[in-house]
Structure formats: structure tokens, C-alpha cells
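Here is a colleague's note to read alongside the model. Please keep the sequence and the 3D view open as you go through the points.

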Amino acid sequence: MAHVITRPCCNDGSCVAVCPVNCIHPTPDEPDFFTAEMLYIDPETCIDCGACIDECPVEAIVPDDQLEERDEPYLQINADYFRDHDADGGLVKHPKPPQLPEGQELRVAIVGAGPAAFYAAEELVKKRQVQVHMFDRLPTPYGLVRAGVAPDHAETKGVEKTFAGVERRANFTYHLNVEVGTHITGDELRERFGAVLYAVGAAHDRRLGIDGEDLPGSIAATDFVAWYNGHPDHADRTFDLSAERVVIVGNGNVALDVARILVSDPDDLARTDIADHALEALRASAVREVVVMGRRGIEHGAFTNSEFLSLSELHGVDIVMPDDLVRSAETAAAEADGSIDSVVATKLRLAREFAAKPVGDADRRIVFEFLTSPTAIIGADGVEKVRYVRNRYVAGGRIEPTDETGEIEAGAVVRSVGYRGQAVDGLPFDELRAVVPSEDARVLDGPGGAVIPGLFVAGWIRRGPTGGIGRNRYCGEEAAKAVLADFAAGTLPETTVDAADVADLVASRGANRVDLAGWKAIDAVERAAGKGSGRRRVKLVSVTALEQAAREGQ
């Protein structure tokens with residue numbers, strides 16, 4: 001969100017000095033500073049750091065989602081100043097946004113309610129002539145922030161505050177519990193909205209392509225994560241955790257999340273927003289060892305250093321890091337590049353620290369097996385073993401298999417080798433990359449094809465399942481700017497149907513639509529349930545319960 005300078009502004013300029021991106025103008029070194037009636041914040045440059053709020057002596061600066069009704073006009077007043085005044089955003093020159101058509105309104109439909117969707121919406125609702133309607137098939141918003149971020153990483157969920165600011169805007173409307181393709185078609189959206197932005201993510205798992213992958217006990221990480229986070233599609237799932245050892249194939253952040261959840265003390269998890277059914281299953285779990293298997297070396301680990309470091313905070317858990325793996329990774333990293341990148345160096349340092357710690361006293365443990373590739377999952381009626389081949393470094397730091405093979409006993413295998421997008425009804429799809437083909441967020445009629453006016457994509461369905469919340473912010477903002485640029489250029493298609501009929505239309509097809517009031521009612525019920533036990537919330541995990549809370553709270 002941006003900040004807004006309102007009526008009490010006294011022009012003392014103290015806010016200018018603390019702004020890290022030089023978004024407050026006129027500045028004392030500009031000719032019109034001493035004659036200006038007030039100062040202004042450029043909404044296109046403001047990064048919402050809040051530094052100016054503390055400096056303002058008259059409390060004239062307010063986050064734009066907290067404006068009182070009487071101060072709403074200052075949104076436009078601040079923005080208008082920069083129509084004919086340049087703003088230099090510090091070290092980066094920010095291009096002047098396109099001039100939107102005077103007196104015209106744009107209705108934008110956003111399909112999806114995850115981070116990329118919200119960051120796009122955040123940019124769009126800054127323009128008062130843009131109306132944003134957000135659709136999601138679940139009764140709850142926030143996508144993977146709610147259903148993907150590990151419950152013991154509550155600080156990451158803090159971005160929900162930003163999303164909550166967007167949803168409170170007068171030019172934002174929810175259509176939750178509405179499935180595009182079932183309750184309303186893509187074509188019907190295009191009839192009613194000048195731009196339709198798809199930010200539907202990539203919620204399906206990638207396959208390993210080995211024998212035994214479909215045995216009972218072979219679990220997609222996407223399913224397991226959704227289960228312990230209380231996603232309604234997965235709340236009824238059961239996972240057999242009766243064996244002492246679980247193998248996780250993959251070494252990204254999700255793999256470490258799953259490993260951490262499996263060996264964490266349930267009493268610690270009980271203070272988070274983990275789904276109650278998952279907490280009950282984990283209390284009864286026999287899992288004592290989790291093996292994290294990665295094809296390449298430690299230096300190529302796809303997990304972030306912060307995720308890696310978080311393993312050291314686990315109580316009663318040994319982290320087993322073979323010393324020979326660390327030494328070979330250090331040698332290979334140095335030989336491959338001549339010098340080791342600072343991020344990789346940190347990863348290796350953390351691995352070295354784990355390797356140096358004594359192990360054997362803890363009740364549970366996580367064992368890292370790098371340079372190891374699974375070749376088959378073995379079992380009669382379920383997972384019993386994982387067959388593997390050892391890999392080695394060759395010239396240039398490359399990896400190749402050796403003749404060394406083996407088997408490791410396990411009662412379950414969690415496949416965590418990435419997410420994959422699926423085709424969206426009515427949109428072109430690039431099967432090879434598993435994304436909707438696009439150029440600068442504009443949907444193409446095929447890979448390398450022509451732009452389809454009015455259709456846009458953001459997030460993982462645009463670029464593939466890479467990057468986290470920060471990357472999705474940039475991606476969502478890019479998509480929003482593409483929408484606004486096309487609106488300014490007059491290249492968006494004309495609407496032929498009034499969007500006022502959407503609520504009635506989806507209801508006629510069986511949707512129990514949840515609006516902002518309904519979502520706030522759900523949120524209140526969940527937070528109230530968690531308050532007594534010191535938890536952020538106790539999640540409702542069935543669509544029926546969510547719908548009931550939405551109805552009863554309105």
C-alpha cells in the first residue's frame with residue numbers, strides 16, 4: 001500500500017529527509033517547495049516503509065487503507081501532483097505511469113486470491129477508476145500464504161496484513177467460493193470485465209518418473225502440506241505415519257518444511273495454526289527419522305539459508321550432516337567457479353556447523369543424503385524401501401551417477417521435487433513449460449504467438465513454480481502495470497454485459513458466494529477459537545463449516 005499526505009500537512013519537510021526512495025515532493029531543493037500548499041507522496045514510488053509517519057509532526061501522513069472517508073480525496077490529490085511533476089525514486093528512475101482515460105472506468109477480474117493476485121490488486125486499486133473483482137473457488141483468500149506457508153513460520157504470514165488492506169478498499173469486491181469454469185465461465189468474465197487476470201498458481205506436484213511412485217505411502221508434498229495446513233480439499237486425507245523412517249525426495253524449502261513438521265514436538269506445533277486433524281495425527285506419529293534425499297550436492301540445495309538455519313532451532317532433534325558430503329561440496333563449489341558465491345558459502349558454512357555438532361542424544365533426527373537419486377520405490381501393499389544410486393562430481397562441478405546402489409527402509413516417501421501448473425479452461429497452455437504462454441504478462445494464443453487482448457497472467461501460472469512471496473509481488477505488480485498500460489492505450493476490449501449480475505449469476509449455478517463480510521466472519525470465528533489456546537487461529541477445514549461461519553457472521 002502507499003501512504004497519503006492529508007490536510008494537516010505543515011510543509012516542514014521532515015518527512016522528506018527520512019524517505020528512502022525520495023517519493024515525497026516537492027523537496028526543499030525544488031523551486032516550488034516554499035510556495036507549495038502541501039507536500040505529496042507519489043503512490044507509484046512509495047514502498048510503504050512508514051518512516052515518514054513517525055517524522056510528521058502533525059500526523060498528516062496515513063496509510064491509504066486507513067484513510068477516513070473525509071480524507072479519501074487526498075488519494076487523488078497526491079496522485080494528481082505527479083501528473084506534471086517528476087519524481088525520482090532514489091537510485092532507480094521510475095517511469096511515469098501512463099495517463100488513464102479521463103471519465104472512464106475499468107473493471108478487472110482477478111482469478112485467484114494468492115500473493116500474486118493480491119499484489120496485482122494492490123497496484124490496481126490505487127486507481128480510483130479501476131474496479132477489482134477477485135474470484136477464488138475456496139471460501140477463504142490468501143492462497144498459499146494460508147494453505148502453503150508452514151504453520152510454524154507465523155511471521156511469513158504477516159503479509160496477510162497487506163492483503164487485508166487491499167480487500168478493505170471501496171473499489172475491491174470478493175467473489176469467494178466461486179469456481180471459474182463452473183459457476184461462471186471465462187468467456188462470461190470477458191463479457192463483463194475489460195481485463196481478466198489469471199493468478200491461479202501451480203498447485204499440482206511434479207512426478208519422479210520411477211517405479212513404485214503410486215504405491216500407498218508415496219505422498220506428494222503438495223498434498224501433505226495442504227493437509228497439515230487445513231486446505232478443505234485435503235482435510236479428509238489420512239497419512240500412515242506408523243513407521244519410524246520417512247524419506248523425502250527433494251531439497252527445497254517445502255522439503256525442509258515437511259521434514260520439520262514431521263519431527264517437531266507436537267506441543268510446539270499446538271501453538272501454531274496447524275490443522276487440528278494434522279496435530280492429532282502427528283501426536284500419534286511413530287516417525288523418528290526423516291531422510292532428506294537430494295540428487296546434487298549441498299551447494300546446490302534449493303532451500304534458502306533461512307530455512308536451513310531454522311532446523312537448528314528444533315528442540316530434541318539431531319541434524320545429521322555427513323562430514324564427507326560437506327567436504328566434497330566445498331571442493332566442488334570452489335573448483336566449479338574459482339570462488340564461492342556468498343549465498344553458497346553461507347549454505348556450506350551452515351552445513352559445516354551441522355556436521356560438527358554431536359548427534360545421538362535426541363529422540364528424533366533429520367538425516368541429509370546428498371548426491372543420491374531414487375531409482376524405485378519398493379513394496380507389496382505399500383512403501384517398504386527406496387532404491388537409490390549414488391552420484392558423484394565430475395569436471396566443472398557436474399553430477400553423474402556411479403555404480404554404487406543401495407536401498408533404505410522407509411514406511412513412507414514424500415515426493416517434493418516441485419509444483420506444476422495445469423491447463424486453465426479457455427486459455428492456451430504450454431505443455432512443455434506447464435504455464436500459460438505470455439509476454440509481459442499478456443496472454444498469447446500459443447508459445448511465441450499473438451497477444452489476446454484483455455487476458456493477463458501473474459504468478460506461477462505465468463512463469464512456473466519459482467520464487468516465493470517477494471518474487472510474486474514483482475510479478476503481480478508487472479501484470480497490473482500491463483493492464484493499466486493497455487487501458488491507457490485503448491487496446492482492451494469493450495465489455496458487453498454489466499458486471500452487476502455476477503452475484504446472481506453464480507448463485508443461480510449453485511455457488512454459495514462469500515463476500516468480504518463473509519470472509520471477515522470466518523476470520524473472526526477462527527481467531528476467536530484460537531485465542532483461548534494462544535494460537536493465531538483454529539482453522540475451519542471444511543467448505544460446509546466455512547460457509548456456515550460466513551452466513552452466521554453476517
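The numbered points below go from confidence to sheets, helices, one arginine and the cores.

1. **Ground rules.** This is a predicted model, in which local features need pLDDT of at least 70, side-chain atom pairs count only at pLDDT 80 or more, and totals for chains, interfaces and linings use all residues. Residues are numbered from 1 along each chain as its sequence is written, and side-chain values use heavy atoms, with hydrogens and water left out.

2. **Confidence.** The pLDDT, the predictor's confidence in each residue from 0 to 100, averages 90 over the chain, and 95% of the residues score at least 70. Please take care with residues 89-94, where the pLDDT is below 50. Beyond near neighbours in sequence, that stretch has nine contacts in the model (contact means heavy atoms within 4.5 Å).

3. **The open sheet.** Helices (H or I, at least four residues) and strands (E, at least two) are DSSP runs numbered from the N terminus, and two strands pair if DSSP finds at least two bridges between them. Seven strands form an open sheet with mixed pairing, in the order E7-E6-E5-E8-E22-E21-E20. Strand E7 (172-176) and strand E20 (438-439) are at the edges with a single partner strand each, so one side of each has no neighbour in the sheet. Within the sheet, E8 (residues 195-198) and E22 (residues 451-457) are parallel and share three bridges; there, Val196 stands opposite Leu455 of E22.

4. **A helix over that sheet.** Helix H4 (residues 115-124) lies across E5 (106-111), E6 (130-136), E7 and E8, and runs at about 165° to E6. That angle is taken between N-to-C directions on a scale from 0 to 180 degrees, with axes fitted to C-alpha atoms, for helices over the stretch in contact.

5. Where does E11 pair? Strand E11 joins E12 (residues 289-293) in the parallel sense over five bridges, and four bridges link E11 to E18 (residues 412-415), also parallel. Val246 stands opposite Val290 in E12 and has Ala412 as its bridge partner in E18. Four of the five residues of E11 (residues 245-249) are buried, so this strand is largely enclosed by the rest of the structure. Buried means under 20% relative accessible area, exposed over 50%, and partly exposed in between (1.4 Å probe, protein chains only).

6. **Helix H6.** Six of the eight residues of H6 (residues 160-167) are buried, so this helix is largely enclosed too. Among them are Phe163 and Val166. The buried residues of H6 pack against H4, H5, E7 and helix H18 (516-531).

7. **A buried arginine.** Is Arg146 buried or exposed? Arg146, which lies in helix H5 (residues 144-147), counts as buried at 8% relative accessibility. Its side chain makes a polar contact with the side chain of Thr140 (3.5 Å). Leaving aside neighbours within four places in sequence, Arg146 is in contact with residues including Trp519, Glu526 and Arg537.

8. **The cores.** The largest nonpolar core has 52 residues, and Tyr228 and Phe308 are among those with the most contacts inside it. Helix H9 (residues 253-263) gives the most to this core, with seven residues. Apart from it lies another core of 46 residues, including Phe456 and Val483. Nine of the 11 residues of H9 are buried, so H9 is largely enclosed by the rest of the structure. Not counting residues up to four places away in sequence, Tyr228 touches Asp257, Val258 and Ile261, among others.9. **Two terms used above.** A polar contact is a pair of N or O atoms within 3.5 Å; within protein, one must be able to donate a hydrogen and the other to accept it, and residues adjacent in sequence count only if both atoms are side-chain atoms. A nonpolar core is a set of buried Ala, Val, Leu, Ile, Met, Phe, Trp, Tyr and Cys residues joined through side-chain atoms within 4.5 Å.
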